[in-house]
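Subject: Structure handover

Hello,

Here is the structure for you to look over. My notes on it follow below.

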Amino acid sequence: MPSTEHWQESDAYLHGIDLYNFAYWWESHEIFEGVWHAAGRETTPGNFFQALIHLAAANLKHYLSNLTATRNLIHSGITRLQRVPASYMGVNVADLIVALENRQIDTHPPAPLISLDITR
């Protein structure tokens, strides 16, 4: 489980983010799921990783044209992200939530990327 304070040193976390951003959503989902189990389901990091799992799955469902599942997964991802700090493990969570909310409005949105602030 990556340390929330030293997330820059977690190869698994960084690899999962890279896979997600390069549209390897299934593979990123698998990495995030392993980290989620290690973090504990009822913890803040666990909640964060489950949100990332939902976002990766939402992108897969969108690619497969299952828009109902896409919307449901994005909604659950947003709900989970709202339970973590606005900036968490290098992610500007507030900006990601806005991008996800915009994605629910647009009919053909691109998958929002997860940007990391590596200066923290």
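First, a definition: helix axes are lines fitted to C-alpha atoms over the stretch in contact, and angles run from 0 to 180 degrees between N-to-C directions. Helices themselves are DSSP runs (H or I, at least four residues), numbered from the N terminus.

Two notes on the source. This is a predicted model, where local features need pLDDT of at least 70, side-chain atom pairs count only at pLDDT 80 or more, and totals for chains, interfaces and linings use all residues. Residues are numbered from 1 along each chain as its sequence is written, and side-chain values use heavy atoms, with hydrogens and water left out.

Helix pair H3 and H4

The axes of H3 and H4 are 8 Å apart, and the packing angle is about 160 degrees. H3 is therefore roughly antiparallel to H4 (angles over 145 degrees count as such). Contact here means heavy atoms within 4.5 Å. On the H3 side, the contact residues include Phe48, Ala51, Leu55, Ala58, Lys61 and His62. On the H4 side, they include Leu67, Thr70, Leu73, Ile74, Gly77 and Leu81. By class, the residues of this contact are 10 nonpolar, seven polar and two charged. The classes are: Ala, Val, Leu, Ile, Met, Phe, Trp, Tyr, Cys and Pro nonpolar; Asp, Glu, Lys and Arg charged; the others, Gly among them, polar.

Threonine 70

Threonine 70 sits in H4, which spans residues 67–81. Is threonine 70 buried or exposed? It is buried, because its relative accessibility is 5% (buried is under 20% relative accessible area, exposed over 50%, partly exposed in between; 1.4 Å probe, protein chains only). Beyond neighbours within four places in sequence, threonine 70 touches Ala58, Lys61 and His62.

Core

The largest nonpolar core has 33 residues. Such a core is a set of buried Ala, Val, Leu, Ile, Met, Phe, Trp, Tyr and Cys residues joined through side-chain atoms within 4.5 Å. H1 (11–21), H2 (25–39), H3 (44–63), H4 and H5 (93–105) each supply at least two of its residues. H3 gives the most, nine. Tyr13, Phe48 and Val93 are among the residues with the most contacts inside this core.

Positive phi

Most residues other than glycine have a negative phi. Alanine 23 has a positive phi, near 70 degrees. It lies in the loop between H1 and H2 and is partly exposed at 41%. Serine 65 also has a positive phi, near 65 degrees. Its place is the loop between H3 and H4, and at 61% it counts as exposed.

Best wishes

Definitions and conventions: Parallel < 35°, antiparallel > 145°, perpendicular 65-115°, else oblique.
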